Amino acid sequence: MLPLSDTLVLDLTQVIAGPTAGQILGDMGADVIKVEPLHGEHFRPHFGGAWVPSMNRNKRGLAVNLRTAGGRDVLMRLVRKADVFMEAFVPGVMDKLGFGWETVSAENPRLVYASISGYGQTGPYSSRAGYDPCIQAEIGLMDATGPENGEMCRVGTASIDYCTGSFCAAGIAFALLGRHKTGRGQRLDLSLFDVGMHMMSHWITNYGLTGENPVRMGTSNSLLFPLRVFETRTRPIFIAGTNDAFWRLLCSALGRQDWLDDKRFASNESRIAHRAVLQPMIEAHFAAHTAEELLDKLIPAGMACGAAYRVSDVMESDHARARGSVLEITYPGIGPVKSAANPIKLSDAPVDTRRKSPTVGEHTAEIMREVGYSDAEIAALRDAKAVAVGAP
């Protein structure tokens, strides 16, 4: 049995962070209801409609108009029986709609209420809308990312969004565990800003110790060397020389006793000090060999390294296939859609895809019947545009 199989989650979130959290809970067995406006969440049109399926599997779809009394009644009936309520609006929006923390916790004191926002429920930025790339800029992540002596860059995925989704799912699980002990729900206040600051933890600590900001160095790093991509005759290889032990492994595996004997390269500090001398040596050695030749020596020796693949390469790799890292689900009107599998692998509760991502309002009638609505009442609310039943 999956660990959250008796848990009802109301997921009112959109875009990436919240839906990712809801999908994790759904993968773990929760009955997750994706609550959307009648026209659907605003990311549904993106990428030919394939964006939403990538982070909304194992959910049912309910479409309600919360600006109508009928729509609010549907959601409140669900609130009274739910375990988790998730929202990702600018602070204050849910209060205006009648579903703020104080209101819903009074209706259901056992409810875990998770709020995801750009900047949190408090602080001078709390009223601002927050988006992953904006937060990347504000926390210094863009400033730390980019080519050496080049312009700052955005990280090539919505890293803060996905991390926030993971933290949200974990926070909800912790709150449910706490409820098991106390019998009470609680509110989770999670912001992209706070998660982003957490992601910059080692740079924050380094600045506190040295007063130095990160330096843009492409795939390299100002604190460790060799830690970067090196070109070969075939494809690039990333070398993670994160400590002196790995340096010795690298030299031994490549048969470069001369590097090992050179006192200028004996420690990480001295390698950084002599980077201008050592880097061209490593570049020349790697450029004379293929990636396959080098990896066949380095990997068996225990060196931390890997080929620098494109997404298309890694999706088709033997290891990704063996680990089940990529799912493929066929959607009407779209066709096969690939997405990343849940990385959580529990020995007694293997994750499976019980439901594809729902269309807008796909399960509205089914869910409404479960909270006491008759078919005639459902039809009346549909006609009043308080709910949407099935695909629009």
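**Exercise 1. At what angle do α6 and helix α7 (residues 192–199) pack, and how far apart are their axes?**

Before the solution, a word on the model. It is predicted, local features need pLDDT of at least 70, side-chain atom pairs count only at pLDDT 80 or more, and totals for chains, interfaces and linings use all residues. Residues are numbered from 1 along each chain as its sequence is written, and side-chain values use heavy atoms, with hydrogens and water left out.

Step 1. The angle between α6 and α7 is about 100 degrees, and their axes are 9 Å apart. Helices here are DSSP runs (H or I, at least four residues; strands are E, at least two), numbered from the N terminus. Axes are lines fitted to C-alpha atoms, for helices over the stretch in contact, with angles from 0 to 180 degrees between N-to-C directions.

Step 2. That angle makes α6 roughly perpendicular to α7 (under 35 degrees is roughly parallel, over 145 roughly antiparallel, 65 to 115 roughly perpendicular, the rest oblique).

Step 3. Now look at the contact (heavy atoms within 4.5 Å). From α6 come Ser159, Ile160, Asp161, Cys163, Thr164 and Phe167, and from α7 come Leu192, Val195, Gly196, His198 and Met199.

Step 4. Sorted by class, the contact of α6 with α7 has six nonpolar, four polar and one charged. Ala, Val, Leu, Ile, Met, Phe, Trp, Tyr, Cys and Pro count as nonpolar, Asp, Glu, Lys and Arg as charged, and the others, Gly among them, as polar.

**Exercise 2. Describe how helix α1 (residues 17–27) packs on helix α6 (residues 159–182).**

Step 1. The angle between α1 and α6 is about 45 degrees, with the axes 7 Å apart. That makes α1 oblique to α6.

Step 2. The crossing of α1 past α6 is right-handed (near helix turned clockwise from the far one by less than a right angle; left-handed if anticlockwise).

Step 3. On the α1 side you will find Ala17, Thr20, Ala21, Ile24 and Leu25; their partners in α6 include Tyr162, Gly165, Cys168 and Ile172. The contact of α1 with α6 holds eight nonpolar, four polar and one charged residues.

**Exercise 3. Describe the crossing of helix α9 (residues 244–254) and helix α13 (residues 291–301).**

Step 1. The axes of α9 and α13 come within 9 Å and cross at roughly 135 degrees. The two helices are therefore oblique to each other, and their crossing is right-handed.

Step 2. Leu249, Leu250, Ala253 and Leu254 of α9 touch Leu294, Lys297, Leu298 and Ala301 of α13. By class, the contact of α9 with α13 has seven nonpolar, no polar and one charged residues.

**Exercise 4. Which residues line the largest cavity?**

Step 1. The lining consists of Glu87, Val90, Pro91, Gly92, Val93, Met94, Asp95, Gly100, Tyr113, Gln121 and Arg187. On a 1 Å grid over the protein atoms alone, a cavity is a set of points where a 1.4 Å probe fits but cannot get out, a pocket is an open set with protein on both sides within 12 Å along at least five of seven lines, and lining residues have an atom within 4 Å of a point.

Step 2. The largest share of this lining, three residues, comes from α3.

Step 3. The volume of the largest cavity is about 40 Å³ (the space filled by probe spheres set on the points, which are joined across faces, edges and corners).
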